[in-house]
Structure formats: structure tokens, C-alpha cells
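Dear colleague,

Please find the structure below, handed over for your records. The findings follow directly after it.

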Amino acid sequence: MELDTHKQDSPHNTDTTKEPIITAVASQNPMSQLVASWYIYALLGLVVLFVVVGVTSYMSVGSLPGEQLYAVKTGVVEKVIAMTKFSAPSRIAYETELLETRLVELKTLGSDNATTSPDVLATVTSLINTHTQNVIASLDTSASIQNEARIDVLAGLVNITNAVE
């Protein structure tokens with residue numbers, strides 16, 4: 001019996017110290033549940049957003065000028081990929097690849113004149129000009145590219161445009 005009374009008088013007695021902590025936690029519990037549920041909904045919203053953006057981006061890759069997802073392909077996906085190209089040679093290679101893609105798209109549109117609107121042709125032509133200007137700008141701003149490589153890139157641009165004609 002003496003041991004039991006000694007435990008009650010001890011400052012380490014957990015029975016008397018637990019009660020205010022439990023009361024404090026219980027009084028804060030509704031707010032912590034609200035915050036926890038808010039985090040869950042925010043996380044779920046982000047996951048849904050990433051899935052929608054990812055699926056839309058993936059589906060846009062095969063789109064052609066005049067289709068609904070073509071603007072996503074050229075305005076979002078290709079620009080995000082271009083931001084990952086840090087060196088001048090990689091930017092030049094990527095812009096050249098895009099230029100080739102636009103020229104093939106233009107050739108595809110040219111084979112179906114009946115359904116191609118002038119606005120679509122103007123969009124593709126504008127993108128071709130932009131890619132060509134980006135290649136030339138990358139050549140101009142990069143001091144690390146030798147003159148022979150510059151000539152090769154420019155000759156490649158000419159060859160690309162001649163191959164599509």
C-alpha cells in the first residue's frame with residue numbers, strides 16, 4: 001500500500017499530468033482534423049492536376065496543325081522541353097528537330113489543300129520562322145561553337161528546307 005501512495009505523490013506520476021494534455025489535445029482536435037483534411041484534398045488536387053496535364057501533354061505530341069491539341073504541343077510541351085536544353089549545341093539540335101517536324105507538317109498540310117485553312121498554314125509558317133531564328137540566335141550568342149560547326153548548321157538548315165520541297 002505504501003508504494004501506491006508514493007506513486008501518487010511523485011512528480012513523475014503520469015495519471016495527473018496526462019489529464020491537462022489530453023484536454024488540450026481534445027480541444028485542438030477539430031482544427032487539426034480540418035488542417036489534415038485540407039492537406040489531403042490539396043495533395044489529391046495536385047495529383048489530379050499532374051495527371052490531367054501529363055495525359056494532355058502526352059496526347060498532344062502526335063497532333064497536327066489545326067487539331068485542338070496542337071497549341072498544347074507547340075505552346076507548352078515543346079517550350080518546356082526547350083527550357084531543359086542548356087548548351088548551345090543541344091538548343092540548336094532541338095530547334096533543328098522542331099524545324100524538321102514543322103516542315104513535315106507543312107508538307108502534310110500541302111497534300112490536303114481542301115481542308116487546310118490559311119490560318120493553319122500561317123501558324124505553321126510562323127513556327128518555322130521562329131525555329132529558324134532560334135537556331136541562328138543560338139549560333140550568334142555561343143562563342144564555343146567553331147566557325148566550321150556554324151557553317152555545318154547553316155548548311156543543314158538549307159538541306160532541311162530543300163529536302164521537304
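A residue is called buried when its relative accessible area is under 20%, exposed when it is over 50% and partly exposed in between, with a 1.4 Å probe and protein chains only. The model is predicted, so that local features need pLDDT of at least 70 and side-chain atom pairs count only at pLDDT 80 or more, whereas totals for chains, interfaces and linings use all residues. Residues are numbered from 1 along each chain as its sequence is written, and side-chain values use heavy atoms, with hydrogens and water left out.

Overall architecture

The protein chain holds 6 helices and 0 strands, in the order α-α-α-α-α-α from the N terminus. Helices (H or I, at least four residues) and strands (E, at least two) are DSSP runs, numbered from the N terminus. Of the 165 residues, 21% count as buried. Contact means heavy atoms within 4.5 Å. Among contacts between residues at least 6 apart in sequence, 54% join residues at least 24 apart.

Helices H4 and H5

The expected span of a helix is 1.5 Å times one less than its number of residues. H4 has 23 residues and should therefore span 33 Å, which agrees with the 32 Å between its end C-alpha atoms. H5, with 24 residues, reaches 34 Å from its first C-alpha to its last, close to the 34 Å expected. Among the buried residues of H4 are Leu98, Leu99, Arg102 and Leu103. In H5, the buried residues include Val124, Leu127, Ile128 and His131.

Ile128 is part of helix H5 and is buried, at a relative accessible area of 11%. Not counting residues up to four places away in sequence, Ile128 touches Leu99, Arg102, Leu103 and Leu106. Its C-alpha lies 9.2 Å from that of Thr101, a residue 27 places apart in sequence.

His131, also placed in H5, is buried with a relative accessible area of 5%. Neighbours within four places aside, His131 is in contact with Glu95, Leu98, Leu99 and Arg102.

The largest pocket

On a 1 Å grid over the protein atoms alone, a cavity is a set of points where a 1.4 Å probe fits but cannot get out, and a pocket is an open set with protein on both sides within 12 Å along at least five of seven lines; lining residues have an atom within 4 Å of a point. Helices H3 (70–83), H4 (88–110) and H5 (118–141) each give two or more residues to the lining. H5 supplies the largest share, 5 residues. The lining residues include Glu78, Glu95, Leu98, Leu127 and His131.

Helix H6

Thr161 is found in helix H6 (residues 147–164) and is partly exposed, with a relative accessible area of 32%. The C-alpha atoms of Thr161 and Glu100 are separated by 8.1 Å, although the two residues are 61 apart along the chain.

With kind regards
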